[in-house]
Amino acid sequence: MNNVIEIEGLRVERGGRTVLPDLSVVVPSGQVVGLLGPSGSGKSTLIRTVVGVQVVAAGSVQVLGEPAGSPGLRHRIGYVTQDPSVYDDLSVRANVRYFAAMLGAPSSSADDAIAAVDLTDHADALVGRLSGGQRSRVSLAAALVGDPELLVLDEPTVGLDPVLRRDLWGLFDRLAAQGRSLLVSSHVMDEAARCDRLLLLREGRVLADATLPELLERTGATDAEGAFLALIDRAEEAAR
Ligand SMILES: Nc1ncnc2c1ncn2[C@@H]1O[C@H](COP(=O)(O)OP(=O)(O)OP(=O)(O)O)[C@@H](O)[C@H]1O
């Protein structure tokens, strides 16, 4: 499979407003694709659409060759929402085993996932007593059980210190090297350098779909933020 996500003519309305007016994009397999854009640009809405929890007004969204939201995709996609969705009063191991049980995956897959996020030493600790970064990694471990082909992560590094952010991006690279595909949203532009490919969103529209080197060459900017601002200027000039 060349593309893990294929979206054509997607329109999403939320609270009476058109959030994604007409979005078409593909996400290639085996890569870390960064979904970048300012707050409110529609990143979470797009992610919710991909995992099949967003009502869609128009368009087609194919994920791993099936329509988004198909029951068969449940085991094939790992999804981490912005707020860690783990239980404070359970240990790391109990949390991840709970998610494994829901998927019908063996409990050994929970231990593998805990090892993948480097929390084996904390497996017996209550999640409520962990740091913010450790809690984020428990959510990620929960998404990793069952060995999903596609990981969809909504701002997984928000609020983390630079060392933890670097470690998590290292983990994303390793997961992609093992053949998984990742769609990772962020509003931190310097995280663009960690992605194989970038989707820049602004006001519900794709401003760019390219690698960082391509973007820098196209705009003459020296970093992702500069490239993003240059693209906004160009789009505004073109609209005048
Ligand atoms: N539950 C909701 N009901 C109605 N409108 C919503 C809802 N959630 C988000 N929106 C609107 O949809 C638009 C896109 O929001 P979305 O959360 O997708 O953006 P985002 O790029 O993920 O932002 P952030 O980086 O702040 O998470 C915003 O204008 C927002 O006001």
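**Starting point.** Helices here are DSSP runs of H or I with at least four residues, strands are runs of E with at least two, and both are numbered from the N terminus. This is a predicted model, in which local features need pLDDT of at least 70, side-chain atom pairs count only at pLDDT 80 or more, and totals for chains, interfaces and linings use all residues. Residues are numbered from 1 along each chain as its sequence is written.

**Figure 1. The whole protein chain.** Welcome to the overview. Seven helices and ten strands make up the secondary structure of the protein chain. The protein chain has a radius of gyration of 18 Å, close to the 18 Å from the globule rule for 240 residues, so it is as compact as a globular protein of that length. The radius is taken over C-alpha atoms, and the globule rule is 2.2 Å times the number of residues to the power 0.38. Along the principal axes, the C-alpha atoms of the protein chain fill a box of roughly 60 × 35 × 35 Å. Of the 240 residues in the protein chain, 40% are buried. A residue is buried if 20 or more other C-beta atoms lie within 10 Å of its own, exposed if 12 or fewer, and partly exposed in between, with C-beta atoms placed from the backbone. Among contacts in the protein chain with a separation of 6 or more, 68% join residues 24 or more positions apart. Two residues are in contact if their C-beta atoms, placed from the backbone, lie within 7 Å.

Figure 2. Eleven residues from domain 1 and nine residues from domain 2 form the contact. On the side of domain 1 that touches domain 2, β7 (150-153) and α5 (162-177) each supply at least two residues. That side of domain 1 has six nonpolar, two polar and three charged residues. In this grouping Ala, Val, Leu, Ile, Met, Phe, Trp, Tyr, Cys and Pro count as nonpolar, Asp, Glu, Lys and Arg as charged, and the others, Gly among them, as polar.

**Figure 3. The shell around the ligand.** Look here for Arg14, Gly15, Val19, Gly37, Ser39, Gly40, Ser41, Gly42, Lys43, Ser44, Thr45 and His187, the residues around the ligand. A residue is near a molecule or strand if its C-beta atom, placed from the backbone, lies within 6 Å of it. Helix α1 (residues 43-50) gives the most to this shell, with three residues. By class, the shell around the ligand has one nonpolar, nine polar and two charged residues.

**Figure 4. Helix α1 and Leu46.** Seven of the eight residues of α1 are buried, so this helix is largely enclosed by the rest of the structure. The buried residues are Lys43, Thr45, Leu46, Ile47, Arg48, Thr49 and Val50. Leu46, in helix α1, counts as buried with 29 C-beta neighbours inside 10 Å. Not counting residues up to four places away in sequence, Leu46 touches Leu20 and Leu35. Leu46 and Ser185 are 139 residues apart along the chain, yet their C-alpha atoms are separated by 9.8 Å. After α1 comes Gly52, whose phi is positive, near 85 degrees.

**Figure 5. The largest nonpolar core.** A nonpolar core is a set of buried Ala, Val, Leu, Ile, Met, Phe, Trp, Tyr and Cys residues joined through C-beta atoms within 7 Å. The largest one has 65 residues, and those with the most contacts inside it are Val50, Val63, Val96, Ala141, Val152 and Leu183. Helix α4 gives the largest share of this core, six residues. Domain 1 and domain 2 each supply at least three residues to this core. Leaving aside neighbours within four places in sequence, Leu183 is in contact with Ile5, Val27, Val33, Leu35, Ile47, Val50 and Val152.

**Figure 6. Ala143 in helix α4.** Ala143 sits in helix α4 (residues 132-144), and with 23 C-beta neighbours inside 10 Å it counts as buried. Beyond its neighbours within four places in sequence, Ala143 is in contact with Gly78, Tyr79, Val80 and Leu151.

**Figure 7. Two loop residues with positive phi.** Leu64 lies in the loop between β4 (58-63) and β5 (66-67). Phi of Leu64 is near 50 degrees, a positive value in a residue other than glycine. Glu155 is in the loop between β7 and α5, and Glu155 also has a positive phi, of about 50 degrees, although it is not a glycine. Leu64 is buried, with 20 C-beta neighbours inside 10 Å, and Glu155 is buried, with 22 other C-beta atoms within 10 Å.

Note on methods: Domain bounds come from an automatic or database domain assignment.
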